[in-house]
Amino acid sequence: MLVVASTRPLNGSTRHKVLQAQLALVFLALFVHGSIGQSDSAAPTLKVFSRETIVDVTVTDSHGNPVHGLTRNDFNVKEDGKPQPIRSFEEFGAAPPATTARPTLPPHVYTNLQPPPTTGAVNILLLDFVNTAALVSTTCCISYDVKDSTTAATVGPEDYALATRAQHLVKQEAMKYVAAMPPGTRVAVLGMTSRLHTLQGFTSDPSLLRAAIDTMQYDAEGHADTGPQLCTELSTRIRSTFEVLNQIAADTSSIKGKKNLIWFSVGVPALNNPSARPPCLPDYRTDQFKTYGLLAAAQIALYPVDARGVPPIPSYIPPRAVPEFLEKVGTEQLSMETWAEDTGGAAFYNSNDVAGEIAKAVDKGSNYYSISYVPPGPGYNDAHHSIRLTVDKPGIKLVYRQTYDAVDPATIKPAPGLILARNTEPTGPVDMRKEMGRSMPTSTALLFDVQVEPSTEPARPADPQVIGVLDTKLKGKPLTRYGFQYALPGRQIAFTSTPDGKRHGSLEFDLAAYDSDGNVVTSFRQALDLNLTADQTAQLAHSPFRYFQQLDLPPGALFLRIGVLDRTSNKVGTLEIPLTIPKH
């Protein structure tokens with residue numbers, strides 16, 4: 001029997017995770033039994049909270065190769081010069097690539113089958129088309145006087161070409177990398193324009209990643225005609241950068257382990273270099289320390305990659321101005337180095353093999369040790385602290401964040417409108433709200449294939465006019481009905497025995513369609529109860545279980561989150577695919 005469950009829109013917000021250890025001292029309840037009856041005394045509970053500082057450290061030899069096999073006793077940790085006992089210690093390294101080839105699927109068929117992870121870290125590709133768009137104004141006018149309100153900039157086609165060339169290089173090289181990345185590498189793709197866009201949640205599927213990268217639109221809106229306009233543009237760009245990094249940290253902190261944020265940009269010198277900051281802009285150190293605090297709490301290391309490859313010298317720059325241009329480029333690359341060093345990552349530039357630089361960044365970020373300790377002193381008081389790690393072995397180089405600010409992540413609220421993941425309403429024992437969020441990794445506890453195509457099924461009299469819970473803003477818009485044909489191995493389905501000798505199982509099928517801003521535009525949830533005989537259950541264990549679902553989708557670029565929940569075993573499978581619905 002088919003049971004249609006509640007079909008409210010799948011929405012909500014990601015819960016921010018605070019990295020802290022909790023110790024609870026529980027006193028025994030005293031039970032007093034008397035002749036009149038029984039009296040229970042409530043047991044008082046004392047909760048003690050302790051901050052935990054996690055430091056991910058990359059260890060290499062004199063040739064830059066990762067060093068494995070170190071133990072907890074090899075490391076010494078000091079905070080503000082005082083030794084600290086290590087609370088936890090774990091080594092992570094890239095495993096050999098999986099030898100099992102991905103299955104070849106028919107057209108329009110997708111699977112959530114993923115190769116086993118090759119490392120404990122996940123990787124985020126951030127396509128920064130805000131700071132690369134600024135090449136339009138900051139390159140053409142390297143002697144631009146931001147205090148002069150009358151000075152005008154001369155921006156020509158070559159200036160715009162610099163921005164689009166860099167963005168095109170990033171897209172091509174990123175697609176080249178994911179096509180050849182080791183099986184099991186987990187990657188998400190984010191886009192940064194005037195806001196943050198989730199182009200693809202975490203997956204190991206190269207085809208999904210390539211399609212997501214290709215959807216990123218070029219942006220060359222970095223033009224400023226006067227000094228004050230340039231100041232306004234720089235201020236907006238810097239605020240956007242902080243907000244995006246804060247949003248990524250806040251929304252990925254619920255994902256356990258290290259995150260390597262590979263940031264395709266051209267540097268932001270005005271953030272961390274006072275000599276490169278125009279007088280019209282404020283000192284951003286306080287904002288920067290807060291962002292570092294969020295990144296540290298979420299275990300994010302930055303790996304900036306120069307979006308220009310080898311920066312070309314524009315033809316219109318006269319020979320006498322070339323040294324000034326190269327000095328400007330050097331300042332931008334130094335900015336990348338600073339962000340990388342302060343977060344425990346590495347910067348990559350001066351190479352047109354951007355795909356190779358991505359591979360180096362992923363490899364560096366995948367071989368590391370994770371160390372934690374409980375810092376002394378008060379809790380989150382915004383104080384600045386130094387960290388020093390040493391290993392008593394010759395020829396060893398350690399890369400890690402050497403400072404942090406005791407910032408409570410829960411107190412930093414990302415700006416409205418920068419949406420990385422909108423979570424759905426809870427549906428049962430398993431939090432499908434979390435599983436159906438855009439930024440969450442693919443779940444593989446329950447494996448399935450799904451064919452996604454415009455539906456050829458004729459409409460039935462009992463069908464509703466619109467299948468799915470459509471955003472009210474889209475009411476009256478033309479819709480295309482899509483069919484979803486699921487296939488999952490029957491042996492995965494869990495059953496319980498009923499008193500009459502039957503076998504009872506229950507599956508839930510969830511669909512959520514997001515727009516490019518991370519908003520849910522439509523959703524649908526259906527539950528299916530299975531009541532089978534013992535013979536039918538045994539037969540199902542040797543054959544695929546199939547289920548058909550439909551959903552009406554509006555035109556435009558969408559991201560479909562598909563989920564299957566076994567309500568008996570609480571196992572979940574999820575998959576996310578980009579899909580462009582043509583206009584009628």
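Mentor: A polar contact is a pair of N or O atoms within 3.5 Å; within protein, one must be able to donate a hydrogen and the other to accept it, and residues adjacent in sequence count only if both atoms are side-chain atoms. This is a predicted model: local features need pLDDT of at least 70, side-chain atom pairs count only at pLDDT 80 or more, and totals for chains, interfaces and linings use all residues. Residues are numbered from 1 along each chain as its sequence is written, and side-chain values use heavy atoms, without hydrogens and water.

Trainee: How far is the backbone oxygen of Asp363 from a polar atom of the side chain of Asn367?

Mentor: First find Asn367, in the loop between helix H8 (354-366) and strand E16 (368-373). Helices (H or I, at least four residues) and strands (E, at least two) are DSSP runs, numbered from the N terminus. From a polar atom of the Asn367 side chain, the backbone oxygen of Asp363 lies 2.9 Å away.

Trainee: Is Asn367 buried or exposed?

Mentor: Buried means under 20% relative accessible area, exposed over 50%, partly exposed in between (1.4 Å probe, protein chains only). Asn367 has a relative accessible area of 7%, which makes this residue buried.

Trainee: Which side chain makes a polar contact with the side chain of Asn367?

Mentor: Look for a partner among the side chains. At 3.1 Å from the side chain of Asn367 is that of His68.

Trainee: Which residue in E16 stands opposite Phe92?

Mentor: E9 and E16 pair in the antiparallel sense. Opposite Phe92 stands Tyr368.

Trainee: In E8, what is the bridge partner of Lys78?

Mentor: Strand E7 (residues 75-79) runs antiparallel to E8, and two bridges join them. Across from Lys78, the partner in E8 is Pro83.

Trainee: What arc do the buried residues of helix H3 cover?

Mentor: In H3 (residues 206-214), the buried residues are Pro206, Leu208, Leu209, Ala212 and Ile213.

Methods: Two strands pair if DSSP finds at least two bridges between them.
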